[in-house]
Amino acid sequence: MSHPNPTYPAQDVCPPEDLPTEDLIRVLDPQGNLVGEPLLDDEAILELHRVMVRQRLIDDRMLTLQRQGRIGFYGACVGQEAAVFGSASALEPTDWIVPALREAGALLYRGFTLREYFNQLLGNNADITKGRQMPCHPPGHDYHYVTMSSVIANQIPQACGLALAGKLKQDGRVTMCFMGDGATSEGDFHTGLNVATVQKLPVVWICQNNQWSISTPVGRQSAARSMAAKAKGYGIPGLRVDGNDLLAVHKIASEAAARARAGEGPTLIECLTWRLGAHTTSDDPTRYRDEDVTKRWWELDPLGRTRRYLIAKGLWSDEQEQAQQDELDAEIRAVWTEVEEIPAPPLKAIFEDVYAEMTPQQTEQWESLERNMKWSDAKGLVRKQH
Amino acid sequence: MANMNIIGAVNSALDLALGADEDVFVFGEDVGKFGGVFRATDGLQDKYGEGRVFDTPLSEAGIIGTAIGMAIYGLKPVPEIQFSDFIFPAFDQIVNEMAKFRYRSGGQYTCPITIRTPYGGGIRGGHYHSQSPEAYFAHTAGLKVVIPSDPYTTKGLLLASIDDPDPVIFLEPKRVYRASKGEVPEGHYTLPLGKCTIDREGTDVTIVAYGALLHEARKAADLLAENDVSAEIVDVRTLVPLDEETILESVRKTGRVVICHEAARTCGFGGELAAVISEKALLHLEAPILRVTGYDTPFPYTLEQQYLPDAFKIFEACETTVDF
Ligand SMILES: Cc1ncc(C[n+]2csc(CCOP(=O)(O)OP(=O)(O)O)c2C)c(N)n1
Ligand SMILES: [Mg+2]
């Protein structure tokens with residue numbers, strides 16, 4: 001079946017060699033050469049490079065631990081680091097971040113500790129949310145990072161509420177809301193973009209177009225020319241950025257944040273990229289896509305691009321890169337070792353935080369659970385654990 | 001007969017339905033080339049083509065709204081919602097449209113749609129891959145609600161649901177998708193909607209269960225048997241329309257009832273079952289009706305085994321009612 005999509009003709013996705021040249025904003029080309037004016041100074045680029053590398057190492061380590069059965073699930077951001085950190089770094093620390101599903105790194109970037117993050121992955125008793133959510137759903141109130149739901153696109157209209165509240169309170173804050181390409185098909189995408197535009201809200205919409213929604217290629221998700229093109233219908237600027245170009249993402253997101261802060265309303269930014277890994281640890285992409293294309297996209301790895309740029313500028317070297325990776329990896333392993341044996345939360349954690357106060361029914365149910373546990377222990381009945 | 005698991009039974013039923021009636025269509029997120037995230041539609045697109053088995057954009061309201069349009073045209077859509085937790089973006093289409101088309105058009109327009117969706121906990125899925133939403137749909141007149149528990153009931157009930165002239169919410173117990181295996185006829189057969197069955201005969205207490213909990217009820221009945229308590233198990237299979245008579249007959253015999261479901265307790269389907277039993281068999285009861293259910297909380301991640309109703313909780317409740 002041919003598909004009426006001019007951007008993704010045959011395969012319904014865009015292989016790296018077919019990347020559009022005209023409407024794709026870049027500051028670095030794939031070889032790491034400057035083709036535009038960066039906003040960031042060298043020191044800031046070095047720091048963001050470190051943050052991206054750290055995220056990759058965390059993801060690699062967690063994927064291994066998941067395979068070993070030491071965490072239950074993991075969703076990585078591999079290949080999308082430039083989109084996540086390029087945009088998050090364009091914000092002030094008090095601006096809101098409303099994540100979709102691959103942006104936990106933005107919370108770490110803001111200061112959430114590895115220890116806190118790992119506790120959430122383990123769902124242990126030290127986890128702030130007491131093991132209630134799946135891994136990769138960390139809470140981040142202190143960092144103005146909203147706890148994510150797994151439900152695609154629900155966060156989009158909520159971002160309007162954060163932005164509207166800030167506008168009413170004249171607090172000068174911006175709300176950055178993430179979504180995947182798949183999320184743009186939900187009704188909440190339309191609702192959110194429409195509301196934000198009509199009310200001229202200080203929102204920056206970041207659509208990470210990694211060209212896949214589990215097994216569904218973007219060309220089957222939407223017949224639009226691009227995700228950025230959708231902005232036109234709402235009457236807001238829509239920009240398509242090379243999502244693997246840290247400097248371009250940062251620059252365009254910074255400009256959008258400045259517009260939002262100046263009261264000029266929302267911007268939709270599409271970060272065109274590729275999901276280099278599986279959808280999550282529950283997924284096997286070899287069943288539905290040609291992984292040769294993925295191999296070619298690896299050559300556009302955002303980490304390689306900044307590294308090449310930094311090395312060419314004489315700011316960095318392969319030796320420094322290796323030393324930094326070793327140091328970061330050692331830290332990740334050390335923190336993991338500290339938290340891995342922390343026990344599960346107590347039974348009461350099931351019932352707390354549903355309401356501000358437990359209802360009489362919940363109290364009764366909690367007591368009956370405690371009683372049943374004692375009863376089965378006394379009878380020598382052993383429950384299977386995961 | 002062929003030995004298969006629940007996934008195989010779903011696949012076989014869809015295969016037969018697609019093969020028998022060219023007006024049957026299967027669609028949803030990732031159901032085409034990939035064959036579904038649980039692989040229930042594996043191979044069907046290859047066999048029947050992209051016109052009959054296809055991927056949709058990521059929009060549940062879009063999936064169900066489209067199914068409704070196809071149905072009122074006269075087709076028989078069998079859409080999949082990837083997890084029942086993600087059915088809520090389509091709730092309006094289901095409750096306000098699909099359930100009411102027959103009524104509001106005096107029978108001119110009908111929605112013979114079967115929405116298949118995996119439900120229930122026990123797969124380490126946290127809040128959003130574990131919920132049991134059956135009561136929301138049972139509460140909506142115009143919808144039938146069907147829940148199989150093993151491969152045999154899955155295939156027979158799914159084929160009956162697709163044949164049925166009314167919309168069916170077909171909730172598949174994903175925890176036992178692969179664990180539950182059994183002999184299943186290879187050809188077409190149906191099991192009647194609106195019929196409960198006695199899964200196991202007994203005399204001292206009636207355990208009413210459905211879906212994955214049927215397997216826990218069986219384990220509980222084994223434990224009870226070791227303790228000289230004879231439990232009868234009723235497999236509800238169809239919540240709406242409900243076969244009250246089979247349940248009442250069992251209760252009249254045993255005089256004691258334990259009702260089980262994974263969904264939260266308050267306004268869960270167990271409340272309805274308890275009401276029916278107390279309205280129609282009160283004087284046969286020798287002890288209060290007990291419920292073993294999920295708690296009134298969202299579904300937790302780490303403590304899911306503690307949260308879930310299981311054989312031990314059912315066992316304890318049965319002992320309590322027998323000792324009353
Ligand atoms: C409402 C809803 N429907 C379905 C799902 C199952 N699901 C989880 S992720 C996903 C694909 C999301 O694709 P996209 O928005 O592009 O994000 P990506 O995974 O590519 O980052 C789907 C269908 C869900 N979580 N929520
Ligand atoms: Mg995507």
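A helix here is a DSSP run of H or I with at least four residues, and a strand is a run of E with at least two.

**Entry: secondary structure.** I am working with a predicted model. I looked up the elements of chain A and found 13 helices and 7 strands. I then checked the radius of gyration of chain A, which is 22 Å. The globule rule gives 21 Å for 386 residues, so chain A is as compact as a globular protein of that length.

**Entry: extent and burial.** I looked up the span of the C-alpha trace of chain A along its principal axes, and it is about 70 × 50 × 50 Å. Of the 386 residues in chain A, 48% are buried. I also looked at contacts in chain A with a separation of 6 or more: 75% of them join residues 24 or more positions apart.

**Entry: domains.** Where do the domains of chain A lie? I noted domain 1 at 16-339 and domain 2 at 347-378. The centres of these two domains of chain A, taken over C-alpha atoms, are 38 Å apart.

**Entry: contact with chain B.** I turned to the place where chain A touches chain B. Chain A puts 46 residues into the contact, and chain B puts in 34 residues. Which elements of chain A give two or more residues to this side? They are α7 (218-221) and α13 (360-378). The most comes from α13(A), with 7 residues. I sorted the chain A side by class and wrote down 18 nonpolar, 22 polar and 6 charged residues.

Definitions and conventions:
Residues are numbered from 1 along each chain as its sequence is written. Chains are lettered from A and ligands numbered from 1 in the order in which they are written. This is a predicted model: local features need pLDDT of at least 70, side-chain atom pairs count only at pLDDT 80 or more; totals for chains, interfaces and linings use all residues. The radius of gyration is taken over C-alpha atoms; the globule rule is 2.2 Å times the number of residues to the power 0.38. A residue is buried if 20 or more other C-beta atoms lie within 10 Å of its own, exposed if 12 or fewer, and partly exposed in between; C-beta atoms are placed from the backbone. Two residues are in contact if their C-beta atoms, placed from the backbone, lie within 7 Å. Domain bounds come from an automatic or database domain assignment. Ala, Val, Leu, Ile, Met, Phe, Trp, Tyr, Cys and Pro count as nonpolar, Asp, Glu, Lys and Arg as charged, and the others, Gly among them, as polar.
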